[in-house]
Amino acid sequence: MRLKTAGKVEEYIHEKLEKEKLHFVLLDPDDVSPGTASGIARISEEVGIDAIMIGGSTGAEGEALDGVVRAIKESSNLPVILFPGSHGGVSKYADAIFFMSLLNSRNPFFITGAQALGAFAVKKYGLEPIPMAYLIIEPGETVGWIGDAKPIPRHKPKIAAAYALAGQYLGMRLVYLEAGSGAKEPVPPEMISTVKKVIDVPLIVGGGIRGAEQARRAVKAGADIVVTGTAIEKAGSLEEARKKLESLIKGIKEP
C-alpha cells in the first residue's frame, strides 16, 4: 500500500519492495563505535543491504547517537533510519525515523507519550517520519522489559494479527514483529504468515535472526523486510561481518 503522504525514504522502500525483499541492518550506538559503524555501513552498501537502522533500548541518544549516524552518513549512501527506544533517540543527521508506537505495551508512555515528547524534535530537524506499529513477541528480551510490553505469546499468531491490523487501521504504514535483540529464536513463521495475510502494509521482522536459513524462513512466511543487528555487531572483525552479511543477503534475496 503506497500512500501519497510517503516521503523519499518511504518511497524508496516501496519501490525496492516491488522488485525484491529487503534487508536492513540495525546498529546500536551503545554497542558500536562510530569507527565500527562506519566500516559496517560501507560493507553493507557493498554487499547490497538496503538501509541502516540506528537505535537501541538503552543509551542510544545524544552525542553517542549523533556520532554513529554521522559516521555512517560519511561512509555510505544508504538511507539512515532512526529506530528510537524513546523520545531521546532523535538525531538531526539521519534521513528518517520510524515513528513507532509499541502497541502491546502496558505503559501509555510507549504508545503515545514518548511520541509526543519527540514530535517537535522530528519536525525541527526535518526528519521524515514513517508511522509504524511495533509489536513485541515472546521473549521480547531487553526491549520488552524496557518498553513494559505484554509480549504476544509465540503460539498465538492471531493475537499478533489483530494488533497488526489495528495498527494499520490507526494509520500506521509499517508493521514490525520484534522477538527482541539476541532472542534465542526468531518470530515463528506461522505468526509471520498469519499477520501478512491480514495487513496491506509492509511487514518487518526482526530479533533472533542469526543465519541465512532463519532469514529465508521469515521471507517465505511473508516478511517483506528482515532486520539483523546483534549477529552483525558481534562479528569478530569487519571481514567476518562481511561474510555474515553476504550469507544473510542470499537467504533474503534468493529464497
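Start by selecting Glu178, which sits in strand 6, the stretch covering residues 174-178. Keep in mind as you look around that this is a predicted model.

Now check its charge partners. Glu178 is buried, yet it has no salt bridge. Which side chain of opposite charge is nearest to Glu178? That is Arg154, and it is 10 Å away. For comparison, a salt bridge here needs the two charged groups within 4 Å.

The side chain of Glu178 reaches the backbone nitrogen of Gly180 at 2.9 Å.

Then show what surrounds Glu178. Setting aside residues up to four places away in sequence, Glu178 touches Phe83, Tyr134, Leu135, Ile136, Ile137, Val143, Val187, Gly206 and Gly207.

Beyond its neighbours within four places in sequence, Ile54 meets a group of residues including Leu26, Leu65, Val68, Ile72, Ile81 and Phe83.

For the last stop, select Phe120 in helix 4, which spans residues 113-125. Is Phe120 buried or exposed? Phe120 is exposed, because its relative accessible area is 69%, and the cut-off for exposed is over 50%. Finally, draw a distance from Phe120 to Ser237: their C-alpha atoms are separated by 39 Å, and the two residues are 117 residues apart along the chain.

Key: Residues are numbered from 1 along each chain as its sequence is written. This is a predicted model: local features need pLDDT of at least 70, side-chain atom pairs count only at pLDDT 80 or more; totals for chains, interfaces and linings use all residues. Side-chain values use heavy atoms; hydrogens and water are left out. Helices (H or I, at least four residues) and strands (E, at least two) are DSSP runs, numbered from the N terminus. Buried means under 20% relative accessible area, exposed over 50%, partly exposed in between (1.4 Å probe, protein chains only). Lys and Arg count as positive and Asp and Glu as negative; His and the chain ends are not counted. A polar contact is a pair of N or O atoms within 3.5 Å; within protein, one must be able to donate a hydrogen and the other to accept it, and residues adjacent in sequence count only if both atoms are side-chain atoms. Contact means heavy atoms within 4.5 Å.
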